[in-house]
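Please walk through this structure with me, from its salt bridges to its cores, strands and surface.

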Amino acid sequence: MSPSEGNRQPNIRLLADDIIEKVINEAKAILQEVGIRIRAQEGLQLLGDAGARIDWEKQLAFIPGNLVDVSLKSVPSSIRLYDRGGKENLVLGGDHVYFQPTSSNIKVWDAEIENLRDPMVQDLVDFVRVVDALDHIAIQTTNYYPVDIPGEIASLYRSFVCLKTSPKPLFASVMPTPRLNTDTLIKLAAAIRGSEEALEKQPLIICPVPTLSPLTWLADNYYMLTQYARKKIPSVISMAPAMGVSGPVSILGTVTQQTAEFFSGVVISQLARPGAPVMVGNYIELFDMRAGTTCMGSMENYMANMA
């Protein structure tokens, strides 16, 4: 089986059709009645010009349901990623399933000293080479934050190392300094492909774009989303509400809020450029009020993200 074929996803459904429809309708109602906070004036203007009601003082945009519907129809049904040589590696859509390494690790286990330590650039290079040799892994990630690179450019340099060391497409994050690195990452990928036009036809990178729960777009994250959309760089709109803290305490309530946040990103991306490729990224977390931390391995986490 080639990497682009992927595995087939088992069909596991936790919600009945009528509950799914209710979640979607309530998510639209949240955007229309409660609104989404946009910490960027140009974002409020973009949504206002498209028919959303704007509260400029509170930086809120109230997005009508019909604008959500039109935007959802504009999103491509699948995303195709290509390797450095232009060969199709992944088809994200339908029931295709792929595996990728974890990303953004802040420590590395050193077998020689048998202890954890801060990662260096060479650790990232070694990791990328291992992933490159694994046929069942179709995509690279920016795994480590190397401490021997200035923090302002560390995320961008991680992408450079991955793209230089491996021909596989890249899940590329420019956090935590998106405003500084977004445009440079696009230029880097376009230089490898040959031009921005060629990159648009054969995407080499896919990029996470986080919201801030509850119901907020920070200016830098809005900038990331619209820049990627205008260049047709595939984006993963990533929501991470913590149940009981930045989201409702119930699973279904948090899923509904997350759906509203995703819909807002879809609208923004399609207003920036119709047909921009985006997909959903689920990172709902259960918060333990006693310990003051998230329960990453809890059953509620998996149920919420599967729903």
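**Salt bridges**

Asp69 and Lys28 form a salt bridge, with their closest N and O atoms 2.5 Å apart. Asp69 lies in helix 3 (residues 65-74) and Lys28 in helix 1, so the pair ties together parts that are 41 residues apart in sequence. The model is a predicted one. How buried or exposed are the two partners? Asp69 is partly exposed, with a relative accessible area of 30%. Lys28 is buried, at 17%.

This pair belongs to a wider set. A search of the whole structure finds nine salt bridges. Another of them joins Asp118 to Lys107, and here the closest N and O atoms are 2.7 Å apart. This pair also links distant parts of the chain, 11 residues apart. Asp118 sits in the loop between strand 9 (115-117) and helix 4 (121-133). Lys107 sits in the loop between strand 7 (96-97) and strand 8 (108-110). Asp118 has 37% relative accessibility, so it counts as partly exposed. Lys107 counts as partly exposed too, at 42%.

Now turn to Arg117. Arg117 forms a salt bridge with Asp123, and the closest N and O atoms are 2.8 Å apart. Which residues make up the network of salt bridges here? Asp110, Arg117 and Asp123 are linked in it. Arg117 counts as partly exposed because its relative accessibility is 24%. Asp123 counts as buried because its value is 13%. The cut-off matters for this step: buried means under 20% relative accessible area.

**The cores**

Next, the nonpolar interior. In soluble globular proteins, nonpolar side chains tend to be buried together. In this model, the largest nonpolar core has 56 residues. Those with the most contacts inside it are Ile38, Leu47, Ile63, Ile205 and Tyr228. Which element gives the largest share of this core? Helix 9 does, with six residues. A second, separate core has 11 residues, including Leu90, Ala138, Phe171 and Ile206.

Leaving aside neighbours within four places in sequence, Ile38 is in contact with Gly43, Leu44, Leu47, Gln59, Ala61, Trp217 and Ile268. Leu218 and Ile38 are 180 residues apart in sequence, yet 6.4 Å apart in space, C-alpha to C-alpha. Leu218 lies in the loop between strand 13 (216-217) and helix 8 (219-230). At 35% relative accessibility, Leu218 counts as partly exposed. With neighbours within four places in sequence left out, the contacts of Leu218 are Arg39 and Leu212.

Helix 9 spans residues 251-272, and Ser269 has its place there. Is Ser269 buried or exposed? Its relative accessibility is 0%, so Ser269 counts as buried. Beyond neighbours within four places in sequence, Ser269 is in contact with Leu225, Ala229, Ala276 and Val278.

**Strands**

Now look at how strands pair. Strand 5 (residues 79-82) and strand 6 (residues 88-92) run antiparallel, joined by four bridges. Tyr82 stands opposite Glu88 in strand 6. The two strands form a hairpin with five residues between them. Gly86 lies in the turn and has a positive phi of about 95°.

**The surface**

Finish on the outside. Which residues form the nonpolar patch on the surface? They are Ile12, Leu14, Met299, Tyr302, Met303 and Met306. Together they have about 610 Å² of accessible area. Leu14 is found in the loop between strand 1 (7-8) and helix 1 (17-34). Its relative accessibility is 43%, so Leu14 counts as partly exposed.

Methods:
Residues numbered from 1 in each chain as written. Predicted model: local features only at pLDDT ≥ 70, side-chain atom pairs only at ≥ 80, totals over all residues. Heavy atoms only, no water. Patch = residues over 30% accessible without salt bridge, like charges linked within 9 Å, V, L, I, M, F, W, Y side chains within 5 Å. Areas by Shrake-Rupley, 256 points an atom, 1.4 Å probe, with all protein chains shown as cover. Salt bridge = Lys/Arg side-chain N within 4 Å of Asp/Glu carboxyl O. Buried < 20%, exposed > 50% of the residue type's maximum accessible area, 1.4 Å probe, protein only. Contact = heavy atoms within 4.5 Å. Core = buried A, V, L, I, M, F, W, Y, C linked by side-chain atoms within 4.5 Å. Pairing = 2+ DSSP bridges.
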